[in-house]
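Visitor: I have a structure open here and would like to talk it through. Could you take me around it, one part at a time?

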Amino acid sequence: MGIINLAPKVLDPIPGGKYVVNAIDYVVNWARANSIWPLTYGTSCCAIEMMSSSMARYDIARFGSEVFRASPRQADLFILAGTITRRMAPAIQMLWEQIPGPKYAIAMGACTISGGPFIYDNYAVVRGAQNLIPVDVFVPGCPPRPEALFHGLLTLREKILKETCRKPWHEGLPKDVSTMDRYREAAKTWAALEEMKDEEMAEARAKFKEEHPDYKSSYKPIRIKKEDFPEVERKPFRRVGLTQLELYQKLTAKFPNITFHTHSEEPVETVLANAPADRPLEVMVEPEDYLAAVEFVKNDPEFKMDFLIDVTAIDYDDHFDLVTQLRSIEVGHKIFLCVQLKKDFSIPEEKRPTSLLASVPTISHLYPAAEIKEREVYDMFGIDFAGHPDQRRIFLDKDFVGYPLRKDFSHPEMIRRPL
Amino acid sequence: MSQPLFSKLPPGFRIQRETNTEEFFINMGPQHPSTHGALRLTLRMDGETIVELVPHFGYIHRGMEKQAESMSYLQYIALSDRQDYLTAIQNNLGVVIALEKGMNVGVPERGEYIRVMLQELGRIASHLVFYGCFGGDLGGQTCLLFGFKEREMIHDILEEVTGSRLTTNFFRPGGSRYDVPDTFIPRVKAFLDHLEGAMRDYERFLSKNIIVLERSIGIGVLTKEDAIAYGCSGPVLRASGVEFDVRRANPYSIYDQFDFDIPVFHNGDCYDRYKIRIAEIHESMKILRQCIDKFPKEGPWRSKEKPVRLPVGRYYSEIETAKGLYATYVVAATTGEKPYRIHTRGPSFPHIAALNKMVQGHKISDLVTIMATLDPVIPEIDR
């Protein structure tokens, strides 16, 4: 809009020229404010509410914003719908740079304002979109209703209508203020306001008492009575497939090292015979037996464990527990094979957070589903899967330092939840 | 003149082949309208034919499992809403059932009916979004408007019951947060009557549409063996001919008291994955009608309130959401209000892993169809 921005320079010296400039402003703003085309961008929950707002019930077309453009080059408005992660941040900045000016941004939802529900103990989320790009309007909510988004859109419209040729749109800079600083500032302002309000209220009360010395309130506080509910027994579950005891006996006959971990003092057989039907059998397997045990339960005609639910791990002080969750689609029973992997403490202490501490053979040749699950465990815990065809980080950047789901993980951007 | 094209392939690509044509790579995402969120796919193309596909996850990885370690169990229910936001109410139940197993709490009959009804409403809502996105990705933007039209009615019901449209945070161990209002049953009834007619129109609109038939029959076939091996579940698995539904295999809540079918199709192509979701909407409506008939008018809707403290142990629950098997694995190392670790198994993650198997040899426009019929939700993959 370079030529239009020159209009005041050319027209203002001419008598009556400023009326022409005002007319130009009026026309340009009318066009801009009534056809704000947003970019089709959404990462999580807010994107669905953004979609809802463009559908028949809410109909964003009433405000001239129904043309969701898939290319940033055709868009005017960047609705940041959904959480922004560190990995997504460069893509967002690139998208913003590709939108031609004048361009505007709406931060939709709590995540893009401050990090929202992901503010504490989080290593992955960017706390606020204004750290990346200049944001014009913030729409709070988790997720905001479509009406809230419309309010944001109308607020943006007001902002656009204030632009003139004399004071044209210019790109701002992202604010480099940390979220916690802004929080503290807001908390201070809030506390000051509350104090002021309290003082005013006390004054008003004193004044009222002076004027009406024998006033008595007829108001009685109504308290909602807490209902009493009876205790309900848990329904018995239907048992499917082999019982826990049968599974355990068949497994131990083949692999005598397999054990069942229990806190009870009774013998294992009694514990398993009395176990609830809906609880899967969870047994401890020696690391040497792990591959053979998985192969056995997969191919054995009685077990038929053909479906891999998940592979996950748990971090303890000196060992990892790798849990392989298997189920049989045909028969219906489940087995959780739990492998205790001792941490390799021969690695010097300062190198431990960034190095692989344990190793286990992969099962991705038996279950193709295990490939991505094992990549996830590798990414999150730093467990090495020997023989894995494609062992790369899956959720985090390849230059990410450390393994986040270990208990001793620390990240410079992580804020601890106040107790 | 045939020679290997790439001495070194980019990470993830594996197929070694010799061709005379020139191959190239295409990047799709992380901001792309048809990847249903922040998913990035890299495609290895031979002309317009896909040779290999490598998905890149993590663009919406929010570290929920790390965060859960410093949260209480009840706070985690709110986080589970934000995993698969299309079936938020079902995720709540998945977490709550795991907690109930630890606390040893039962649910009264009225509470169970509330649960089942909201579950099925959530399933219909999710499948309606699928209907819209499937039509939209094939080029019929009108479907998007249709799918969301009935979905808003479900949102109205959910808002009245839970107070929230999308992220419900409604169920609690032993029942739910609130009782349903008196208007709940009439509203659901009216909604079902409306949906029956609407579904008839919608099916007529897409099921016999020549563009849909041409673009989906025989596209993206997933065989029965592959579907099981890759860990697919839900409609994707059932469209490949495997009759597996947690509601029938390991009935949770009171699903064993209802008369409904598990629809199974056998071709495993895009059209079957579309048809199965339409059939599931009808089955859900069947369950809802039975619920309306049997809904207890009186009686407690939750059991006695107890502090949510789990004894030492590991608790596992699985439910069938609209997308498939949703499992929660809770590890309590000390008796208390905070978990040692919570792990969630989402259904969409294995589906995207099986995507490479489905798209090989198809055109790039078929990838959009296949992605739409898998109906993935990316935040639930990345968590």
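This is a predicted model: local features need pLDDT of at least 70, side-chain atom pairs count only at pLDDT 80 or more; totals for chains, interfaces and linings use all residues.

Visitor: Let's switch to chain B. How many helices and strands are there?

Guide: Chain B has 15 helices and ten strands. Its radius of gyration is 22 Å, close to the 21 Å that the globule rule gives for 383 residues, so chain B is as compact as a globular protein of that length.

Visitor: What box do the C-alpha atoms fill, and how much of the chain counts as buried?

Guide: Taken along the principal axes, the C-alpha atoms of chain B fill a box of roughly 80 × 50 × 35 Å, and 57% of the 383 residues count as buried. As for contacts in chain B between residues at least 6 apart in sequence, 70% of them join residues at least 24 apart.

Visitor: There is an open sheet of three strands in chain B; what is the strand order?

Guide: The order is β3-β4-β5 (chain B), and the pairing is antiparallel. The edges are taken by β3 (23-28) and β5 (49-56) of chain B, each of which has a single partner strand, so one side of each is left without a neighbour in the sheet. From one strand to the next, the twist averages 20°.

Visitor: How many bridges hold β3(B) and β4(B) as a pair?

Guide: β3(B) pairs with strand β4 (residues 40-46) of chain B over six bridges, in the antiparallel sense, and within this pairing Glu23(B) stands opposite Asp46(B) in β4(B).

Visitor: Last topic, the contact between the chains: how many residues does each one give?

Guide: Chain B contributes 65 residues and chain A contributes 64 residues. On the side of chain B that touches chain A, the largest share, four residues, comes from helix α5 (residues 141-162) of chain B.

Visitor: And how do the residues on that side of chain B divide by type?

Guide: That side of chain B divides into 34 nonpolar, 15 polar and 16 charged residues.

Note on methods: Residues are numbered from 1 along each chain as its sequence is written. Chains are lettered from A and ligands numbered from 1 in the order in which they are written. Two residues are in contact if their C-beta atoms, placed from the backbone, lie within 7 Å. Helices (H or I, at least four residues) and strands (E, at least two) are DSSP runs, numbered from the N terminus. Ala, Val, Leu, Ile, Met, Phe, Trp, Tyr, Cys and Pro count as nonpolar, Asp, Glu, Lys and Arg as charged, and the others, Gly among them, as polar. Two strands pair if DSSP finds at least two bridges between them. Axes are lines fitted to C-alpha atoms, for helices over the stretch in contact, and angles run from 0 to 180 degrees between N-to-C directions. The radius of gyration is taken over C-alpha atoms; the globule rule is 2.2 Å times the number of residues to the power 0.38. A residue is buried if 20 or more other C-beta atoms lie within 10 Å of its own, exposed if 12 or fewer, and partly exposed in between; C-beta atoms are placed from the backbone.
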